[in-house]
Amino acid sequence: MVDAQVLVLNKSWIAVNVTSLRRAMLLLFHDSARVVHPHDYSLYDFDSWCALSNAEDGFSEGRYIYTPNMRVRLPEVIVLNAYNRFVKREVRLSRKNIFERDRHVCQYCKRKFSKADLTIDHVMPRSRGGRDTWENLVLACVKCNIRKGSRTPDEAHMPLLRRPAKPKWLPKFGTHVPKESLHSWQRFVDMAYWNTEIGD
């Protein structure tokens with residue numbers, strides 16, 4: 001529970017970071033941020049959030065931390081009171097990030113494999129001018145990579161599971177959306193875009 005993650009929005013309600021629960025609670029306690037209610041998006045400072053967490057009609061579900069005197073529902077999203085910039089971070093095009101994006105799934109046979117049984121394939125083969133870009137690199141199992149050879153997916157009659165593209169915004173924070181936070185983060189995930197240049 002202590003390792004829970006909290007989505008951080010800037011003053012304009014744009015996702016700028018993912019932080020630890022400890023850091024989020026400190027920001028709330030020092031009045032540097034407010035909690036965003038997971039259902040109606042109303043805002044609460046530290047004291048009002050604690051009061052709502054302990055009210056009988058406060059929440060029917062959720063995760064809590066407990067003190068000797070009260071319980072506090074874990075915030076899932078906070079909005080900063082003053083910071084209004086957008087943090088631009090570069091995530092390099094790398095093997096690790098291709099594996100993250102494609103989730104260890106061969107993009108041809110659609111099966112999940114261990115890292116050792118996967119390769120990175122050029123959709124448009126290098127021998128035909130294919131470059132190392134997000135849109136041209138996919139995970140492929142060894143068998144599919146050999147079968148495709150130096151052909152395009154169309155030529156090999158091997159349709160891709162999905163068209164390769166730049167990852168969505170979360171990789172720039174270096175984390176995945178925790179399953180338990182997916183609903184409350186989703187609105188802000190959809191609004192955030194990943195602006196970055198691809199490294200060679």
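Is Cys50 buried or exposed in this predicted model? Cys50 is buried, at a relative accessible area of 6%.

**View 1. Cysteines without a disulfide.** Cys144 is accordingly in no disulfide, and the nearest cysteine sulfur belongs to Cys141, 3.5 Å away. That distance does not qualify because a disulfide needs two cysteine sulfur atoms within 2.5 Å. Cys144 is buried, with 7% relative accessible area, and Cys50 is buried at 6%.

**View 2. The salt bridge between Arg101 and Asp102.** The structure has 4 salt bridges, and one of them joins Arg101 to Asp102. The closest N and O atoms of Arg101 and Asp102 are 2.9 Å apart. Arg101 has a relative accessible area of 13% and is buried. Asp102 is also buried, with a value of 3%. Both residues count as buried because their values fall under 20% relative accessible area.

**View 3. The salt bridge between Lys148 and Asp121.** Lys148 pairs with Asp121, and their closest N and O atoms are 3.2 Å apart. The two residues sit in distant parts of the chain, 27 residues apart: Lys148 belongs to helix H4 (residues 142-148) and Asp121 to strand E8. Lys148 is buried, at 0% relative accessibility. Asp121 is buried as well, with a relative accessible area of 4%.

**View 4. The salt bridge between Arg128 and Glu155.** In this pair the closest N and O atoms, from Arg128 and Glu155, are 2.7 Å apart. Arg128 is partly exposed, with a relative accessible area of 41%. Glu155 is partly exposed too, at 37% relative accessibility.

**View 5. A positive surface patch.** Four residues form this patch: Arg111, Lys143, Arg147 and Arg151. Arg111 is placed in the loop between helix H3 (95-102) and strand E8 (118-122). With 52% relative accessibility, Arg111 counts as exposed, because the cut-off for exposed is over 50%.

How values were computed
Residues are numbered from 1 along each chain as its sequence is written. This is a predicted model: local features need pLDDT of at least 70, side-chain atom pairs count only at pLDDT 80 or more; totals for chains, interfaces and linings use all residues. Side-chain values use heavy atoms; hydrogens and water are left out. Buried means under 20% relative accessible area, exposed over 50%, partly exposed in between (1.4 Å probe, protein chains only). Patches are made of residues with over 30% relative accessible area and no salt bridge: like charges are joined within 9 Å, nonpolar side chains (Val, Leu, Ile, Met, Phe, Trp, Tyr) within 5 Å. Accessible areas come from the Shrake-Rupley method with a 1.4 Å probe; for residues, only the protein chains shown count as cover. A salt bridge is a side-chain nitrogen of Lys or Arg within 4 Å of a carboxyl oxygen of Asp or Glu. Lys and Arg count as positive and Asp and Glu as negative; His and the chain ends are not counted. The place of a charge is taken as NZ of Lys, CZ of Arg, CG of Asp or CD of Glu. Helices (H or I, at least four residues) and strands (E, at least two) are DSSP runs, numbered from the N terminus.
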